[in-house]
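This briefing goes through one structure, topic by topic. Please have the sequence and the model open while reading.

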Amino acid sequence: MAEVLRLSQLRKSYLSGEEETEILHGIDLSLQSGEFAALIGPSGSGKSTLLNLIGLLDRPSSGELQISGSATSHLPEAAITRLRGQHIGFVFQQHLLIPAFTALENVMMPLLVERGRPDPQMRQRAAELLAAVGLSDRADYLAGKLSGGQQQRVAIARALAMRPALVLADEPTGNLDTQTADSIFSLLRRINQEDGTTFLIVTHDPRLAARCDRIIELVDGRITADRENHPA
Amino acid sequence: MPALSSWLPFEWIAATRFLREGRAQTLLIIVAVGVGVAVIVFMSALLSGLQGNLVKRTLSSQAHVVLLPTEEIARPQQDDAGAVIQRQAQRLRSIDQWQALRARLESLPEISAVSPVASGPAFAVRNEANKAISLYGIVPEHYIQVIDLHEKIVAGELRVNAGEAVIGIELARELGAGLGDKLRVNASNGATDTLTIVGLFDLGNKIANGRNVYVGLRSAQNLLDLIGGVSNIDLALRDMYAAETLAQRLAGETGLVADSWIKTNSQFFTALNSQRMSSNLIRFFIALSVAFGIASVLVVSVVQRAKEIGILRAMGTRQGQILRIFLLQGGIVGLLGSLLGSALALLCLTLWRLLATNPDGTPLFPIELPPALVLITAAGASLVGVIAALLPARRAARLDPVVAIRG
């Protein structure tokens with residue numbers, strides 16, 4: 001199995017006034033292709049900071065982060081952007097679609113950004129992904145006109161557009177009612193089982209974590225537990 | 001929502017979608033740009049119409065540059081203190097080697113036409129009437145390239161064969177003469193000639209209409225005792241506003257006196273210049289306020305779209321792409337605003353034509369909206385839009401995706 005993500009002694013500190021505060025104290029972590037892992041921990045534990053580092057949205061203070069075997073610590077901003085676009089898909093709590101575009105166009109967006117111009121292939125790919133999340137009939141709706149659950153499905157389809165090595169989901173069901181949350185989670189699970197896409201899901205909901213294959217617990221900037229889990 | 005056109009790059013698609021989504025905001029700023037552009041275009045058209053008209057009237061009987069022989073100056077034979085040197089009266093003299101000079105002038109790229117003229121004072125006599133006139137001996141095909149006399153002919157034609165003359169309507173009235181009538185011209189040296197009036201002109205200037213008499217070059221040379229010579233060479237330039245510079249250069253090179261229309265009409269020209277300067281100032285400040293308007297709308301838009309920009313960046317959108325999306329929005333607003341502004345200006349011009357008229361219903365002066373002005377304004381407004389967008393676009397491109405998404 002290929003290694004999708006490797007963190008070695010990853011540290012992150014922020015300067016607040018005169019004082020330097022370390023949020024993450026030397027994180028070592030490895031994710032294999034096809035894993036479906038939960039990252040849990042109390043608020044303030046550094047989950048979001050860690051997720052931003054893994055998502056290449058932020059740079060570590062020290063340590064190395066490898067995505068699909070490429071080291072990233074010495075890459076310039078433009079290369080980081082490219083790597084992020086090609087290898088990482090994001091699903092955020094607040095969906096974050098671009099409301100000026102339709103559902104289909106939102107799903108196409110990562111491909112459009114990458115290739116510069118629309119083409120029939122990316123339209124085809126986006127339509128397939130929308131079908132996979134069960135929203136074919138909403139393809140031409142403007143993103144803002146969809147319900148919360150539908151928006152999150154579109155966001156998931158968008159995260160998959162580039163066939164990323166790793167999908168990072170930050171509280172993907174946080175804003176949804178229990179029933180919708182359940183169906184969204186099942187969708188993520190299904191995608192993982194069908195395509196072997198690797199997921200790292202940040203959640204503080206123990207019920208969701210219990211449905212993942214691996215549970216990583218972060219407390220005060222350190223990994224305090226990392227165990228296999230066998231969902232019922 | 002129309003499907004994404006396959007030929008538009010991502011930045012264009014995003015820029016137009018963002019503008020369309022911002023409906024009221026976009027519409028308001030386009031109208032604001034339009035009003036600014038309309039004022040600029042209308043003012044430019046009005047001013048160029050007015051100035052063109054004024055310049056045309058001023059130049060109707062003047063060449064851009066006139067070359068004259070050097071003045072004769074009396075010099076004392078010895079440095080005798082106390083001797084009063086009286087300025088000498090100027091005789092009518094020919095320009096030395098004018099044929100050679102003319103050939104050289106014709107070869108200069110700045111000069112579009114060269115017209116040798118033999119001119120001097122004379123008297124027109126008919127019955128009891130005796131009028132002081134300025135006699136102009138011309139070669140019509142050259143002369144009309146410098147002064148469009150042929151367009152000022154109101155009766156007969158511009159023809160100055162031997163024994164023929166073209167006179168102004170005022171002189172004709174004072175002498176009681178018309179087409180076909182004879183006119184005797186006496187020069188100060190006693191030479192005399194009888195000419196037939198074959199054409200009447202109206203230069204739009206009462207003095208010129210009462211004084212100028214055009215005859216063939218040879219007739220004038222004979223009358224003015226300038227056999228084979230010319231008293232001045234009139235020049236038309238490709239750029240009439242370069243007249244003074246060229247006049248000074250020619251004066252230096254030829255040793256002749258070179259008078260430009262700018263110097264001859266220096267007060268008029270100063271007035272034109274200050275008018276142009278103040279209008280440039282107004283234009284500049286309008287452009288500036290338009291730029292600030294566009295910039296402020298885009299700054300607000302960047303703040304409003306921070307999350308979208310963040311998510312676009314997370315998806316792998318490069319900073320350059322974000323920058324271009326916002327620069328394009330500035331450019332598009334400028335372009336659309338300038339089109340609206342040109343339409344508004346056209347409306348104003350039409351109203352102006354209808355309202356600002358002479359008593360007889362003809363327009364006060366010709367005023368037009370040249371396509372070039374519209375094109376230049378459109379290009380200028382788009383450029384101003386892009387420049388105005390620079391700061392907001394840079395801000396957008398530099399947004400930290402982490403902060404943008406969380407915020």
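In chain A, strand β9 (residues 214-219) pairs with β10(A) in the antiparallel sense over six bridges. Helices (H or I, at least four residues) and strands (E, at least two) are DSSP runs numbered from the N terminus, and two strands pair if DSSP finds at least two bridges between them. This is a predicted model, in which local features need pLDDT of at least 70, side-chain atom pairs count only at pLDDT 80 or more, and totals for chains, interfaces and linings use all residues. Residues are numbered from 1 along each chain as its sequence is written, while chains are lettered from A and ligands numbered from 1 in the order in which they are written.

**Sheet of chain A**
- A:I215 has A:R227 in β10(A) as its bridge partner.
- The open sheet has six strands in the order β6-β7-β8-β3-β9-β10 (chain A), and the pairing is mixed.
- β6 (88-91) and β10 (222-228) of chain A are at the edges with a single partner strand each, so one side of each has no neighbour in the sheet.
- From one strand to the next, the twist averages 20 degrees.
- Helix α5 (residues 148-160) of chain A packs on the sheet and touches β6 and β7 (166-170) of chain A; contact requires C-beta atoms, placed from the backbone, within 7 Å.
- The direction of α5 makes about 175 degrees with that of β6(A), where axes are lines fitted to C-alpha atoms, for helices over the stretch in contact, and angles run from 0 to 180 degrees between N-to-C directions.

**Contact between the chains**
- Chain B contributes 21 residues to the contact and chain A contributes 30 residues.
- On the side of chain B that touches chain A, α1 (10-21), α11 (306-314) and α14 (401-406) of chain B are the elements that give two or more residues.
- α11(B) gives the most to that side, with five residues.

**Helix α11 of chain B**
- Eight of the nine residues of α11(B) are buried, so the helix is largely enclosed by the rest of the structure; buried means that 20 or more other C-beta atoms, placed from the backbone, lie within 10 Å of the residue's own.
- Among the buried residues are B:I309, B:I311 and B:L312.

**Confidence**
- Chain B has an average pLDDT of 88, and 94% of the residues score at least 70; pLDDT is the predictor's confidence in each residue, from 0 to 100.
- For the complex, the predictor gives an ipTM of 0.91 and a pTM of 0.76.

Notes:
Two residues are in contact if their C-beta atoms, placed from the backbone, lie within 7 Å. A residue is buried if 20 or more other C-beta atoms lie within 10 Å of its own, exposed if 12 or fewer, and partly exposed in between; C-beta atoms are placed from the backbone.
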